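Here are my notes on the model you asked about.

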Amino acid sequence: MKRIRVAIQKSGRLSDKSLDLLQRCGLRFARSKDKLYWYGKDFPIDLLLVRDDDIPRLLLDGVCDLGIVGQNIAEEVMQDDTDNNSLDELRALPFGGCRLSLAVPENSSFESAADLDGCRIATSYPALTKSILSKRGINAETVKFSGSVEIAPGLGTADAISDLVSTGTTLRANHLVEFEVLFQSTAALYGRSVSLSDEKQVMINRLLSRLDGVLLAAESKYVMLHAPRDSVDEITRLLPGAENPSLMNLEGDSERVAMHAVCRETVFWEHLEALKAAGASAILVLPVEKMLG
Ligand code: PRT
Ligand code: ZN
């Protein structure tokens, strides 16, 4: 049996969530001593734990069949690849969210990205930055930094930076202001854009189907409530992302019914308040552990 190799980040922002996601798909691993190669116990799916920057290349070179990495890194590698090799984004994942933004020193006179034409931009994402700017007719020179990009303007090596931002704390601490988002990123599951053996493809499809179930279950809730018979239609409309609810009689109460529904969108307090205002009572919201369409 051919085995599938999945590359995930060894230690960093995406590590725990990548592993947790695969485990929630039912994968179990025997960890090797050096902790870099984990053998899949019930499925022929093994893990390779590496630096996130290496993941796209491992896929392009066919060393791994799947990889979880930030779209920022995958895009950078694809934009930089002179042979136009590409990766297949199979699923965007609900973690690792950040944005690649242009930022300039607080006291600079730049007002928009267009003012950066002909300027120097420090970044860990030169190919992606250049490609986005040049599509808008802006030609900037990039200076590659592998880390601590935010110190570049202070050192006088660049006029601006293009860096990942999540809370903006790092920019503020370095007296930089974010003035334009170039690229929104999340973690994603990537595959190779070549055809694999049937055996491998069947296994990957099976994993994807489980992954879809896990991703759907994560934002789905099972909602139970009591409703006046007359308000069933209105209450159904108020349930976020619900399909046909089940209706059940309530013993000794002909006016009201019990309604059960799976809501496939986040259920906020506001939704519950609206349900209550429409006459619902005994409202319960339960997590959904697994789902298979
Ligand atoms: O060792 P290895 O190379 O594997 O890890 P790494 O240090 O290169 O990556 P890591 O773990 O820091 O990030 C992995 C991925 O997480 C990135 O490629 C992004 O896809 C995603 N991600 C999400 C982020 C951030 N949020 C983020 N905030 N990556 C980096 N940052 C940086 C940001 O550049 C800034 O310098 O974190 C700093 C703090 O951000 P603020 O805005 O909250 O201050
Ligand atoms: Zn890295």
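**Notes on the predicted model**

1. Setting aside neighbours within four places in sequence, Glu150 contacts Ile161, Asp163, Thr170, Asn174 and Leu176. Glu150 itself sits in the loop between strand S9 (141–144) and helix H5 (152–155).

2. Is Glu150 buried or exposed? With a relative accessible area of 17%, Glu150 counts as buried, because the cut-off is under 20%. Have a look at His175 as well: it is 25 residues from Glu150 along the chain, and their C-alpha atoms are 9.1 Å apart.

3. Now the sheet. It is open, has five strands in the order S9-S8-S10-S7-S11, and its pairing is mixed. S9 and strand S11 (176–185) are the edge strands, each pairing on one side only. From one strand to the next, the twist averages 30°.

4. Strand S7 (residues 98–105) and S11 run antiparallel, joined by eight bridges. If you want one to click on, Cys98 has Ser185 in S11 as its bridge partner. H3 packs on the sheet, where it touches strand S10 (160–165) and S11, and its direction makes about 80° with that of S11.

5. Helix H3 (residues 71–80) also packs against helix H4 (residues 126–135), at an angle of about 75° and with the axes 7 Å apart. So H3 is roughly perpendicular to H4. Asn72, Glu75, Glu76, Gln79 and Asp80 from H3 meet Pro126, Ala127, Leu128 and Ser131 from H4. By class, that contact has three nonpolar, three polar and three charged residues.

Notes. Residues numbered from 1 in each chain as written. Chains lettered and ligands numbered in written order. Predicted model: local features only at pLDDT ≥ 70, side-chain atom pairs only at ≥ 80, totals over all residues. Heavy atoms only, no water. Helix = DSSP H or I, 4+ residues; strand = E, 2+ residues; numbered from the N terminus. Buried < 20%, exposed > 50% of the residue type's maximum accessible area, 1.4 Å probe, protein only. Contact = heavy atoms within 4.5 Å. Axes fitted to C-alpha atoms, helices over the stretch in contact; angles between N-to-C directions. Parallel < 35°, antiparallel > 145°, perpendicular 65-115°, else oblique. Nonpolar A, V, L, I, M, F, W, Y, C, P; charged D, E, K, R; others polar. Pairing = 2+ DSSP bridges.
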